[in-house]
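Notebook open, structure loaded. I'm jotting down what I look up as I go, metal site to begin with.

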Amino acid sequence: MTLRLHDTATRSVREFTPLQPGTVSLYLCGATVQAPPHIGHIRSGVGFDILVRWLRASHYQVTYCRNVTDIDDKILAVAAAEEVPWWAVAERNQRAFTRAYDVLGCLPPDVEPRATGHVPEMIVLMQRLIDAGHAYAAGGDVYFDVRTFPDYGALSGQRVAHMMAAADTEDNAAKRDPRDFALWKGAKPGEPSWSTPWGPGRPGWHLECSAMSTKYLGSAFDIHGGGLDLIFPHHENEVAQSHAAGDGFARFWLHNGLVRIAGEKMSKSLGNSLLVDAMITEVRPVELRYYLGQAHYRSEIDYAPAALTEAATAYRRIEGFVTRAAELVGTDVVSPDSDSAAVPAAFTAAMDDDLGVPQALALVHETVHDGNAALAVADAAGTAKRLTEARSMLAVLGLDPLAAPWAGGKAGGNLRPVVDALVSVALEQREAARARKDYPAADAIRTQLARAGVAVEDTPRGPRWELSP
Ligand SMILES: [Zn+2]
């Protein structure tokens, strides 16, 4: 079976064949850097990170482009409220997004273009649209003329006649049709601006993604992704701009479901407690990644603290097996490479079916269950087999506890060898006390270790320890 993906444009799951055999070009609408990220923003990053990992594991050479919208109305509003330059707001929040992607183990994109660095490309695209009769300059702005593009509304399944006015300018008087949308916004007093043949101004949001995706991926590329809330107007307008200009543009449209709190879309007030920085004080980053990645990417996540705790517990079960198994059989017998050839066939089938992560994770848990049974009877060969399988599947999902960036993270990061040496000294003293039957002394050592956050477990192979969660 080959990879099949749900394409929003056709509203169906269909076979994925790339434009160029063996390569995949992927554009993901990234952050508008007006505020630090909450889990609603980062869910998209995690979902598409799993797609990129699966494509690479399936031996595609992937070019992954994720943009940064570093100028827009909201960034200007924040800058005005704080009395700081717009670029200071954008820089600060872009760094917060980068930290959040990194801390959740999302592989960096191959290129991360910023809107304000691509004004020349936008001017060229606007000129092409004006020359072809699909756009016009009016009142300092440049607009796309939706009535010149019969397919307008096709991506989002709407008919132009039923659409509302585009809510992108304060005054629609300059537009030929209220549904026309702004490609470029004329400069207002005190706002940053860039010069164009039609006067100074700043980019419209939709235009930047058409200009940047085709600059880095070509006039036609394989996959365009983003959150479900971007289908209209953002992606509809991207399609209109690029197709009207004569570009083939995206061949597959993938949209991830949103994160809601008790059924409501995350608003700023609700979302503050769900900032990534705040969440990773509640659970470890890898557990947050597991939580955000475990649902099918198209389904909605209704955030609830209990579900987050459940996810953390489920991940710890996996991690517990991997850690114990590696202690028994070592880590050099398994290949942590992310390779579709290394994973069980059922896992491949699940992932190839529109990234069936819930089914794929069920297989990981079955493998862990079987692995624990092998561990219980000290069956080294059986343990090694399950460990290899589990790690190869976890690598695809970015969840292998023994791989970067998680390796060592559970037990104090790079301090693990140091702590290990110190704990070993204490455990030797405890063993010595037991040997001379001085049990109060042995228990006192264990209690002292527990107070320091080191949990000791006696196993048939001797004591093992870990930092208490
Ligand atoms: Zn976009």
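**Zinc site.** I looked up what holds the zinc ion: C29 through SG, C209 through SG and H234 through NE2, at 2.0 to 2.1 Å. This is a predicted model, so I keep that in mind for every entry. Along the chain, the donors follow the spacing C-x179-C-x24-H. C29 sits in the loop between β3 (23-28) and α1 (39-57), and H234 sits in helix α6 (residues 231-244), so this pair ties together parts that lie 205 residues apart in sequence. I also checked burial: C29 is buried, and H234 is buried too.

**Still in α6.** While there I noted P233, which has its place in helix α6. The peptide bond from F232 to P233 is cis, with omega near 0°.

**Other cis bond.** I noted a cis peptide bond between A404 and P405 as well, with omega about -5°. P405 is in the loop between α13 (380-396) and α14 (416-435).

**Cavities.** Next I wanted to know where empty space is left, and rolling a probe the size of a water molecule over the atoms shows that. How many cavities of 30 Å³ or more does a search of the whole structure find? I get three.

The largest cavity holds about 80 Å³ of space. I listed its lining: R43, G47, I50, L292, G293, A295, H296, Y297, L355 and V357. Which element gives the most to that lining? My note says α1, with three residues. Both α1 and α9 (285-294) supply at least two residues each. Sorted by class, the lining of the largest cavity has six nonpolar, three polar and one charged residues.

The second largest cavity comes to about 50 Å³. Its lining is I50, R289, Y290, G293, Q294, V357, L361, L397 and L399. The classes are six nonpolar, two polar and one charged.

**R53.** I went back to helix α1, where R53 has its place. Is R53 buried or exposed? Its relative accessible area is 13%, so R53 counts as buried, the cut-off being under 20%. Leaving aside neighbours within four places in sequence, I find R53 in contact with G105, L107, R289, S338, A395, V396, L397 and G398.

**Positive phi.** L355 is in the loop between α11 (345-352) and α12, and at 3% relative accessibility it counts as buried. A378 also has phi near 55°. A378 lies in the loop between α12 and α13 and is partly exposed, with a relative accessible area of 47%.

**Whole chain.** I finished with the overall numbers. The protein chain has 15 helices and 15 strands, and its C-alpha trace spans about 95 × 55 × 35 Å along the principal axes. Of its 469 residues, 50% count as buried. Among contacts with a separation of 6 or more, 74% come from residues 24 or more positions apart. The accessible surface is about 20500 Å², with 55% belonging to carbon and sulfur atoms.

Technical notes
Residues are numbered from 1 along each chain as its sequence is written. This is a predicted model: local features need pLDDT of at least 70, side-chain atom pairs count only at pLDDT 80 or more; totals for chains, interfaces and linings use all residues. Side-chain values use heavy atoms; hydrogens and water are left out. Donors are N, O and S atoms within 2.8 Å of the metal (3.2 Å for Na, K and Ca); water is not among the atoms, so sites may look incomplete. Helices (H or I, at least four residues) and strands (E, at least two) are DSSP runs, numbered from the N terminus. Buried means under 20% relative accessible area, exposed over 50%, partly exposed in between (1.4 Å probe, protein chains only). On a 1 Å grid over the protein atoms alone, a cavity is a set of points where a 1.4 Å probe fits but cannot get out, and a pocket is an open set with protein on both sides within 12 Å along at least five of seven lines; lining residues have an atom within 4 Å of a point. Grid points are joined across faces, edges and corners, and a volume is the space filled by probe spheres set on the points. Ala, Val, Leu, Ile, Met, Phe, Trp, Tyr, Cys and Pro count as nonpolar, Asp, Glu, Lys and Arg as charged, and the others, Gly among them, as polar. Contact means heavy atoms within 4.5 Å. Accessible areas come from the Shrake-Rupley method with a 1.4 Å probe; for residues, only the protein chains shown count as cover.
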